[in-house]
Amino acid sequence: MTTTRLNTHDAGTILSARIAALKPGDRIILWSHDRPVAEIRPLGERLDEPRPVGLGKGLADIPESFFDPLPNELVDPFDGR
């Protein structure tokens, strides 16, 4: 894991090379006027297949009462009453 401190003035000339050299865990911190302003990290690998639906099925129990209408005292403020 490598952290590179890069001034925004210098970034214009060498940023693309620094980004191309990023490995998992590396990051580039952009600084402007002696202040960190942005962080650049490599993204994880892109999945070619869509994510499957239902990965969280069974992880939570939702009672039937969850689907009951809300009482008026909770709904009225949203309706401006």
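1. A salt bridge here is a side-chain nitrogen of Lys or Arg within 4 Å of a carboxyl oxygen of Asp or Glu. Arg81 and Asp76 meet that definition, at 2.9 Å from N to O. Arg81 also bridges to Asp79, with the closest N and O atoms 2.6 Å apart. Arg81 is exposed, at 64% relative accessible area, and Asp79 is partly exposed, at 45%. (Buried means under 20% relative accessible area, exposed over 50%, partly exposed in between; 1.4 Å probe, protein chains only.)

2. This is a predicted model: local features need pLDDT of at least 70, side-chain atom pairs count only at pLDDT 80 or more, and totals for chains, interfaces and linings use all residues. Residues are numbered from 1 along each chain as its sequence is written, and side-chain values use heavy atoms, leaving out hydrogens and water.

3. The structure holds five salt bridges. One of them joins Arg41 to Glu39, with 3.4 Å between the closest N and O atoms. Arg41 is exposed, at 58%; Glu39 is partly exposed, at 42%.

4. The largest nonpolar core has six residues: Leu6, Ala11, Leu22, Ile28, Leu30 and Ile40. (Such a core is a set of buried Ala, Val, Leu, Ile, Met, Phe, Trp, Tyr and Cys residues joined through side-chain atoms within 4.5 Å.) Leaving aside residues up to four places away in sequence, Ile40 touches Leu15, Ile19, Leu22, Asp26, Arg27, Ile28 and Leu30. Contact means heavy atoms within 4.5 Å.

5. There is one aromatic pair. Phe66 and Phe67 form it edge-to-face, 5.2 Å centre to centre with 90 degrees between the planes. (Rings of Phe, Tyr and Trp, its six-membered ring, pair if their centres lie within 6.5 Å; planes under 30 degrees apart count as stacked, over 60 as edge-to-face, the rest as tilted.) Both Phe66 and Phe67 are exposed.
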